[in-house]
Amino acid sequence: MKHATFHRRMTALGVLAVAIALVLPASLSAQRGAGGGARGMFNNPAIRLWTQFDENNEEFTKQLALTEEQTESIATLLKDFREKNEQGLEEYTEIRQSMRNRGGGAGGGGGGNRQAMQATFQRMQTLLEKLGPAFEKLHTDVGELLTEDQNRKLTELLQPRRPGG
């Protein structure tokens, strides 16, 4: 009798463990949002391209080994991109800074902070839905100015980064 009860309990625990294992990753993914949450948004190659040119232009240009003509052409593209998307880019920069400040701030997981971060994240998603096509066009336009080797290097430089890596 005890042997049968033991096996039923073990089987029930096994089924429960499998069910949890199947459901848990889906619920965690849903909490983070599509694409892995904020990190997923910022690891989009087109958005990373803009960020690199905006924040690290000189270093990024050196890494790509751009010619003087390519540098001038890309500078013209970037100027045009900034002018056409000025308001959205200001909001993008503001939200990114807000996310950085919250992420690095003390206190971490309070309810108010979590709700504020979720609202900021939602605001960023909405903005990126509007700016996404412009980022993609910039990425395509820059790629057309590069050689095959430079495009390979660009792809390498725009690979998603793991935290601390």
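How many Å does helix 3 (residues 45-64) span between its end C-alpha atoms?

**Entry 1: the model.** I noted that this is a predicted model, in which local features need pLDDT of at least 70, side-chain atom pairs count only at pLDDT 80 or more, and totals for chains, interfaces and linings use all residues. Residues are numbered from 1 along each chain as its sequence is written, and side-chain values use heavy atoms, with hydrogens and water left out.

**Entry 2: the overall fold.** I found seven helices and zero strands in the protein; helices (H or I, at least four residues) and strands (E, at least two) are DSSP runs, numbered from the N terminus. Along the sequence the pattern reads α-α-α-α-α-α-α. Of the 165 residues, 28% count as buried, where buried means under 20% relative accessible area, exposed over 50%, and partly exposed in between (1.4 Å probe, protein chains only).

**Entry 3: helix 3.** I looked up the span and found only 15 Å, whereas a straight helix of 20 residues would span 28 Å at 1.5 Å a residue. The expected span is 1.5 Å times one less than the number of residues. I then located a bend of about 115° at N56, taken as the angle between axes fitted to the seven residues ending there and the seven starting there. The buried residues of helix 3 include W50, F53, F60 and L64.

**Entry 4: A65.** Just after helix 3 I came to A65, which belongs to the loop between helix 3 and helix 4. Most residues other than glycine have a negative phi. The phi of A65, however, is positive, near 55°. I recorded A65 as exposed because its relative accessibility is 54%.

**Entry 5: the second largest pocket.** I recorded a volume of about 150 Å³. A pocket is an open set of points on a 1 Å grid over the protein atoms alone, with a 1.4 Å probe fitting and protein on both sides within 12 Å along at least five of seven lines; lining residues have an atom within 4 Å of a point. The lining includes L77, F81, K84, K137 and D141. Helix 4 (68-84) and helix 6 (111-145) each give two or more residues to this lining.

**Entry 6: K130.** I placed K130 in helix 6. K130 counts as exposed because its relative accessibility is 62%. K130 and G88 are 42 residues apart in sequence, and their C-alpha atoms are 8.3 Å apart in space.

Definitions and conventions:
Points joined across faces, edges and corners; volume = space filled by probe spheres on them.
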